[in-house]
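Please look at the sequence and the model first.

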Amino acid sequence: MNLHEYQSKLRFAEYGIPIPKGRVARDPQEAYEIAKELGGPVVVKAQVLTGGRGKAGGVKLARTPEEAQQRADEILGMNIKDHKVLKVLIDPASEIRAEIYLGVTNDRAARKPLIMASAEGGMDIEEVNRVSPEKIIREHIDPFLGLRDYQIRNLAYGIELPRELWKQFMQIARGLYRAYSESDATLAEINPLIIDGSGNLLAVDGKMSIDDNALFRQPQLAEMRDTSAEPTAETEARAAGLSYVKLDGEIGCMVNGAGLAMATMDMTKLFGGSPANFLDIGGGAKADKVAAALRIILVDPNVKAVLFNIFGGITRCDEVALGIIEALDEVKTGLPMVVRLVGTNEEEGRRIIDEANIPNMVGAATLADAARKAVEAARNVQG
Ligand code: GDP
Ligand code: MN
């Protein structure tokens, strides 16, 4: 689950990180009032659960309350990478002398949290990593020891931070790591952390991602979930109890079991295709769950073919077959579909599919066969 910028920054502030004292507005009038209250120039910022708002025109400066109202009017309702802007943050504008990146994330390969800093703040960190990875200073954190002061000094030294700011930087880095670990976050990032007009550090942008599996023990954070702002497919998937991750390929995959789902994705790649999603319908999935999963897959306009790979164990193939038929009653599609059903009640499952006589659906005996057929079918679909 991702938090909005304003939510992340409020969380950071609880850990002693300095942030601008702004507030959120839902309409231009409110933006006007906040700007007036703050006095002086402000920055009007789209609150959407995606990055790169600046480049998309979602971050604008305003000198007067009237101008703030106008900018808010322009930004509210804007569409940024498929996210509609429903709220704007009105922050006092800062004079920016330097932009720094500071972030903590989970390095799965190292099985440790990783703190990173770069003097190339303000830019997309993935881009910095691609073009000049040496400009990112990294320190792995031992979860039992926590972030050590010498590690923070290494970061400060590596990004050539002026000495007089080291003390502030120390406090911010410590706070960020605590915010990260105490929130069960997978990411806590300040980009940019600026040196402002008075020569102090200030967290101008903030982002936090919380591990969904930990939300049960983070009720305060769970409450912050903004379903109006997240892609509807993900909200729907969660409501239906499905594990779903959208990707940008063209083969919609419906699989039971996370490992099998990953193997299926790999297999589509092996045959020259690319998966549109990761989707695990879980063990023992019944018809309604399958229907929800299919609906979610078909909403994605990139999907050119659907691949069902069901290994019946607790999940019964006949139940899944019924689910597919039921879903197709509801969601009409002309897209090619490939079904592989093996395991518990497979004959029954195949009979149900055969008898339904769906013209755009073919069966497959093995996973390789299914993946090959799906990739070929997708290639033959126009557009
Ligand atoms: P993002 O594009 O979604 O990462 O949004 P940011 O909050 O990081 O804003 C993008 C850029 O806008 C920053 O890197 C800054 O260069 C600029 N910006 C943001 N806030 C201010 C501000 O208060 N004053 C000035 N001058 N620029 C700002
Ligand atoms: Mn940013």
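The sections below go from the whole chain to single residues and the ligand.

## Basis of the report

This is a predicted model, in which local features need pLDDT of at least 70 and side-chain atom pairs count only at pLDDT 80 or more, while totals for chains, interfaces and linings use all residues. Residues are numbered from 1 along each chain as its sequence is written, chains are lettered from A and ligands numbered from 1 in the order in which they are written, and side-chain values use heavy atoms, with hydrogens and water left out.

## The chain as a whole

The protein chain has 13 helices and 19 strands. Helices (H or I, at least four residues) and strands (E, at least two) are DSSP runs, numbered from the N terminus. The C-alpha trace spans about 75 × 50 × 40 Å along its principal axes.

Of the 383 residues in the protein chain, 51% are buried. Buried means under 20% relative accessible area, exposed over 50%, and partly exposed in between, with a 1.4 Å probe and protein chains only. A contact means heavy atoms within 4.5 Å. Among contacts between residues at least 6 apart in sequence, 69% join residues at least 24 apart.

## Cysteines

A disulfide is a covalent bond between the sulfur atoms of two cysteines. Here the term is applied to a pair of cysteine sulfur atoms within 2.5 Å. The whole structure has zero disulfides. For Cys253, the nearest cysteine sulfur is that of Cys317, 17 Å away, and for Cys317 the nearest is that of Cys253, also at 17 Å. Cys253 counts as buried because its relative accessibility is 1%, and Cys317 counts as buried because its value is 0%.

## Aromatic rings

Rings of Phe, Tyr and Trp (its six-membered ring) pair if their centres lie within 6.5 Å; planes under 30 degrees apart count as stacked, over 60 as edge-to-face and the rest as tilted. The count is one aromatic pair. Tyr177 and Tyr180 form this stacked pair, at 6.1 Å centre to centre and with 25° between the planes. Both lie in helix α6 (residues 166-182), three residues apart, about one turn of the helix. Tyr177 is buried at 9% relative accessible area, as is Tyr180 at 6%.

A charge sits over a ring if NZ of Lys or CZ of Arg is within 6 Å of the ring centre and within 35 degrees of the ring normal. Arg163 lies over the face of Trp166, 4.1 Å from the ring centre.

## Asn309

Asn309 lies in strand β17 (residues 305-312). With a relative accessibility of 0%, Asn309 counts as buried. A polar contact is a pair of N or O atoms within 3.5 Å; within protein, one must be able to donate a hydrogen and the other to accept it, and residues adjacent in sequence count only if both atoms are side-chain atoms.

The side chain of Asn309 makes polar contacts with the side chain of Thr264 at 3.0 Å and with that of Arg340 at 3.0 Å. Leaving out residues up to four places away in sequence, Asn309 touches several residues, including Met254, Val255 and Leu367.

## Around ligand 1

A residue is near a molecule or strand if one of its heavy atoms lies within 4 Å of it. Ligand 1 has 16 residues around it, of which Lys45, Arg53, Gly54, Ser94 and Glu99 come nearest. A polar side-chain atom of Arg53 is 2.7 Å from an oxygen atom of ligand 1. A backbone N or O atom of Gly54 also lies 2.7 Å from an oxygen atom of ligand 1. A polar backbone atom of Ser94 is 2.8 Å from a nitrogen atom of ligand 1.
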